[in-house]
Amino acid sequence: MKKKRPADMTKSLVKVLKDWQKLEDESISHADATIKKTKNKLVKMTMEMIKNDSQKHRIMQQLLIDSLTRESLILAPEDLGALSENLNKHLAAEAKTLELADKALQNSELFVTRYILSYLIADEQKHHALLTKLNELKRATVFVT
Ligand SMILES: [Fe+2]
Ligand SMILES: [Fe+2]
């Protein structure tokens, strides 16, 4: 297969992101339909979480689309340098959260408890990883597009 030109790649990427956004909307309506249909709190919570994630994904996809079609996203070292102290404190708090989450999991036996805790832990690990990555970028200039 012939390699695509950068401009064509951007066009394809924007198309994929727009299709993806449509699927996020579909996911939100499915979640809403299930929320309306059930009285079970655990199912409701799961649907709410998925719905929130879909809304969040939509915003992220839009940011990417805008960065590809309007204005590039740039992350300069000085953007992060001034935030260094905050970021480090935040990172420490997230690390502590992970310790607590682990302790909670060790003290849980019920399937449902572990189900919710494992979701929380995955999220907290994600927060920690995102902050770690931002922290690592302090020394580099990154062009996202
Ligand atoms: Fe999604
Ligand atoms: Fe967190």
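Colleague: In which kind of crossing, left-handed or right-handed, does α4 pass α5?

Modeller: In this predicted model, the crossing of α4 with α5 is left-handed. Helix α4 covers residues 84-106 and helix α5 covers residues 111-136. The two pack at an angle of about 155 degrees, and their axes are 9 Å apart.

Colleague: What makes α4 roughly antiparallel to α5?

Modeller: The term applies to angles over 145 degrees. The angle here is about 155 degrees, and therefore α4 counts as roughly antiparallel to α5.

Colleague: Which residues make the contact between α4 and α5?

Modeller: From α4 they include L87, L91, A95 and L98; from α5 they include L117, L120, I121 and L131. Divided by class, this contact holds twelve nonpolar, seven polar and three charged residues.

Colleague: At what angle do helix α1 and helix α2 pack?

Modeller: Helix α1 (residues 6-37) and helix α2 (residues 41-69) pack at about 160 degrees, with 9 Å between their axes. That value lies over the cut-off of 145 degrees, so α1 is roughly antiparallel to α2. Their crossing is left-handed. In the contact of α1 with α2 there are 13 nonpolar, nine polar and six charged residues.

Colleague: How many helices and strands does the chain have, and in what pattern do they follow?

Modeller: The chain has five helices and two strands. Along the sequence they are arranged as α-α-β-α-α-α-β.

Colleague: How does the radius of gyration of the chain compare with that of a compact globule of 145 residues?

Modeller: For such a globule the value would be near 15 Å, but the chain has 20 Å. Along the principal axes, the C-alpha atoms fill a box of roughly 55 × 40 × 30 Å.

Colleague: Into which domains is the chain divided, and what distance separates their centres?

Modeller: Domain 1 spans 1-71 and domain 2 spans 76-139. Taken over C-alpha atoms, the centres of domain 1 and domain 2 are 24 Å apart.

Methods
Residues numbered from 1 in each chain as written. Chains lettered and ligands numbered in written order. Predicted model: local features only at pLDDT ≥ 70, side-chain atom pairs only at ≥ 80, totals over all residues. Domains from an automatic or database assignment. Axes fitted to C-alpha atoms, helices over the stretch in contact; angles between N-to-C directions. Helix = DSSP H or I, 4+ residues; strand = E, 2+ residues; numbered from the N terminus. Parallel < 35°, antiparallel > 145°, perpendicular 65-115°, else oblique. Left-handed = near helix turned anticlockwise from the far one by under 90°. Nonpolar A, V, L, I, M, F, W, Y, C, P; charged D, E, K, R; others polar. Contact = placed C-beta atoms within 7 Å. Rg over C-alpha atoms; globule rule 2.2 N^0.38 Å.
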